[in-house]
Amino acid sequence: MSAARRAMILTPLAALGCLYALILVHRPAVAGQAGPAFWILVAVLWVAAGLALGGLSHLRLRNPGARRLVGLSVPVLFGAFLFFLWEVIVVGAGVPSVLMPAPSSIASRFAASLPVLRDDFVQTFMKSVLSGYMIGCLSGFAVAIIADRIPFLRRGLLPLGNFVSALPVIGIAPIMVMWFGFDWPSKAAVVVVMTFFPMLINTVAGLAAAGRLERDLMHSYAAGYWTSLIKLRLPVALPFIFNALKINSTLALIGAIVAEFFGTPIVGMGFRISIEVARMALDMVWAEIALAAIAGSAFYGIIALVERAATFWHPSYRT
Amino acid sequence: MTTEALTLPVRQARQKPSRLWQGNTGPVLVVVLAVVVLWYVAAIAMNWQGVTDAFERAGEQRSTGEILLATLEQERPMLPAPHQILIELKKTVIDTPVTSRRNLLFHGWVTLSSTLLGFALGSLLGVVLAVLIIHVKTLERSLMPWIISSQTIPILAIAPIIIVVLGSIGITGLFPKAIISAYLCFFPITISMVKGLTSPDIMQRDLMRTYSASRTQTFWKLRLPASLPYLFAGLKVAIAISLVGAIVGELPTGAQAGLGARLLAGSYYGQTIQIWAALFGAAILASSLVAIVSLGERIVNRRMGVRAA
């Protein structure tokens with residue numbers, strides 16, 4: 001059977017089978033006491049889904065639109081199948097929810113506690129992460145510009161910056177809580193320190209990225225320092241800067257959440273995670289993690305979109 | 001010829017200042033010195049209020065000089081001075097027996113062991129995943145996007161769940177922390193390994209084909225050696241975040257043992273010097289781990305005949 005035929009036949013079949021298994025597993029007769037027949041069905045579905053995905057990923061399409069669609073659908077279907085397995089195994093085998101809640105119960109908990117999640121999101125993301133991220137990135141950028149102007153400072157700061165970025169910076173969280181209090185400024189301070197050094201290192205590297213030829217050209221235009229900085233070196237540094245922005249988007253969220261483990265007012269994603277874990281309300285913890293994942297991916301995605309718009313000239317985006 | 005003759009004397013003139021300032025050593029020393037000086041100034045400034053308040057409460061009149069000295073010798077300062085941290089490090093590392101819970105080496109060892117176990121597990125997982133990904137196209141198309149997007153979510157938030165869930169089914173101690181570390185550090189290894197294993201260019205792969213080498217032979221003789229520089233770049237990142245994972249993994253269990261526990265206990269009881277000492281311990285641990293990986297990299301490179309760049 002060719003890859004195309006296999007994909008065409010098996011993909012809808014496997015999807016239908018998974019849907020059937022999902023409906024089946026939530027019946028009271030099956031949930032928690034699924035028999036061997038059910039597990040055989042799941043195993044068959046597993047094989048079918050694997051074959052279907054294999055067929056899909058070996059498809060050779062001429063149409064670029066269809067190719068993109070298939071390229072996107074393979075990971076999406078794979079992820080959906082993983083969630084299906086999670087749901088079916090947890091519900092079918094009756095895994096207690098203090099060990100592992102099913103995706104459906106996490107989703108219903110997510111929908112039921114939207115106000116709480118919104119408050120946590122505002123506290124952790126809008127206040128701590130965003131303000132810390134802005135201050136950290138901007139100051140890292142500013143110091144990088146200064147360090148680039150003064151070679152002595154650059155040679156002194158860069159090795160230190162590289163050294164610091166290998167350190168567990170997150171450990172300063174208790175100190176920041178002591179200095180800036182329990183509320184969001186202390187978390188923002190942790191985020192500032194965590195995001196500062198990646199920005200510094202990447203910007204300095206980016207400012208050095210302009211080639212000799214381009215610099216000579218600017219020189220022959222009699223361009224001064226500022227002109228060549230703004231017209232040549234900053235644009236060339238943009239991919240590096242965006243790289244730092246992307247690294248920092250994840251670091252900032254991690255920093256804010258972990259800093260909340262060290263003491264917070266009674267709101268915030270890290271606070272909710274630590275308190276609900278202690279109460280063994282794992283569905284709430286997973287809902288909070290889902291929120292963190294959505295926030296993190298959206299943050300990253302927005303930066304990636306801005307990057308695309310700003311560095312459209314870069315070889316990696318040219319088609 | 002003429003241009004060379006013209007530029008040479010200028011270059012020599014530039015090289016005149018001592019060699020120290022040519023490299024990075026001099027500037028780094030100056031910056032470190034500046035940080036230490038700033039630290040002392042900040043310590044005096046931040047502790048000033050607390051000291052004057054304490055003297056006022058005691059009803060004592062002190063001169064500025066005495067207050068100045070007192071700011072550097074508080075028991076629970078806002079910001080301890082560097083020498084206080086060094087004294088605390090000496091006290092908790094050398095002066096107490098190694099087996100004692102008050103010894104920082106004991107806690108450092110707890111953290112280090114779970115870091116190393118997690119690092120080993122994560123590296124193994126990372127390398128195996130990378131090898132699978134470059135050989136099975138389905139996995140590359142379906143798994144790779146998920147591995148990459150898994151990095152946009154704050155994975156460390158899952159740490160408490162892993163600790164508590166594994167704890168409730170009876171697995172405690174080293175292993176859950178190691179899992180967090182492994183989870184954090186498989187990613188850079190997988191990514192760099194995939195990059196490294198696919199780094200041999202078409203010419204080299206064609207050469208292997210003209211030798212009629214099998215897939216396995218190509219893997220062992222070409223792809224794997226070519227991937228080693230990338231692997232070590234990944235390992236250096238991985239060992240650093242493996243330590244972060246181990247430290248954060250120690251937080252939810254409520255300060256039993258380890259550097260993370262020292263941080264948490266210090267923040268509960270306001271023992272700032274203890275927190276800073278634990279931080280310094282973690283920093284020393286991190287930098288020596290990275291240094292060891294770099295050393296391994298250099299040894300492997302030399303044995304494979306790579307010239308220092």
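The model is predicted, so local features need pLDDT of at least 70 and side-chain atom pairs count only at pLDDT 80 or more, while totals for chains, interfaces and linings use all residues. Residues are numbered from 1 along each chain as its sequence is written, and chains are lettered from A in the order in which they are written.

Begin by selecting the contact between the chains, which takes 47 residues from chain A and 45 residues from chain B; two residues are in contact if their C-beta atoms, placed from the backbone, lie within 7 Å. On the side of chain A that touches chain B, select α12 (282-310), which supplies the largest share, eight residues; helices are DSSP runs (H or I, at least four residues), numbered from the N terminus.

Next, colour chain B by its domains, whose bounds come from an automatic or database domain assignment: domain 1 covers 2-78 and domain 2 covers 104-303. The C-alpha centres of these two domains of chain B lie 36 Å apart.

Finally, select α6 (residues 104-135) and α11 (residues 215-249) of chain B, whose axes come within 8 Å and cross at roughly 130°. Axes are lines fitted to C-alpha atoms, for helices over the stretch in contact, and angles run from 0 to 180 degrees between N-to-C directions. The helices α6(B) and α11(B) are therefore oblique to each other, a word for angles that are not under 35 degrees (roughly parallel), over 145 (roughly antiparallel) or 65 to 115 (roughly perpendicular). Among the residues that meet here are G118(B) and G122(B) in α6(B), and A238(B) and S242(B) in α11(B).

Terms used
Helices (H or I, at least four residues) and strands (E, at least two) are DSSP runs, numbered from the N terminus.
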